[in-house]
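Me: Could you take a close look at one part of this model for me? I'd like to hear about the salt bridges.

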Amino acid sequence: MNEEERTTFLETPRLGILMMNRDPAPVGVPVWFEWTGDTVEMFSMNTAPKIRRITTDPNASVLAVNSVGEPEAWVAFDGAIAVTNPGGLELAERLAERYWDMSLASNRKTLAAWKQHPEAMCQLTLTPSRIRSS
């Protein structure tokens, strides 16, 4: 994919798979993300195991793929992740609008619970050293 094709592909909400180093094998978890054109922005609870893994080894990859029924396509971002506070809640609010149906009471309730403890969330920023796609 060229840059324009990647941008178009990433405009559709897609789950990313965050791949982190761990012995004896890498660990992957699904994440909501936002591609800014320069960085991949994600959020997490401060106590999540992924934060400990990233703090130990910040090198990771985020892989976004096509949905079932779409032509096969993917984009992978490889690089180091920085964990920062604050910023996690603001990003979570923005991504909730993108990924969730906010007319559902259960989604609004979860978001309201997150807002009660903004200090519990952090922002993860992956600055790609390499972008791969097909």
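Reply: Here is a walk through the salt bridges, pair by pair. Keep in mind that this is a predicted model. The count comes to five salt bridges.

Let's start with Arg 132 and Asp 78, which form a salt bridge with their closest N and O atoms 2.7 Å apart. This pair links distant parts of the chain, since Arg 132 sits in strand S7 and Asp 78 in strand S6, 54 residues apart. As for burial, Asp 78 counts as buried because its relative accessibility is 10%, under the 20% cut-off. Arg 132, at 31%, is partly exposed. There's also a network here: salt bridges link Asp 78, Arg 130 and Arg 132.

Next up is Arg 94 with Glu 34, whose side chains meet in a salt bridge at 2.9 Å, N to O. Again the pair links distant parts of the chain: Arg 94 belongs to helix H3 (residues 88-99) and Glu 34 to strand S3 (residues 34-35), 60 residues apart. Arg 94 is partly exposed, with 45% relative accessibility, and Glu 34 is partly exposed too, at 22%.

Lys 115 counts as partly exposed at 43% relative accessibility, and Glu 93 is partly exposed with a relative accessible area of 26%.

Methods: Residues numbered from 1 in each chain as written. Predicted model: local features only at pLDDT ≥ 70, side-chain atom pairs only at ≥ 80, totals over all residues. Heavy atoms only, no water. Salt bridge = Lys/Arg side-chain N within 4 Å of Asp/Glu carboxyl O. Helix = DSSP H or I, 4+ residues; strand = E, 2+ residues; numbered from the N terminus. Buried < 20%, exposed > 50% of the residue type's maximum accessible area, 1.4 Å probe, protein only.
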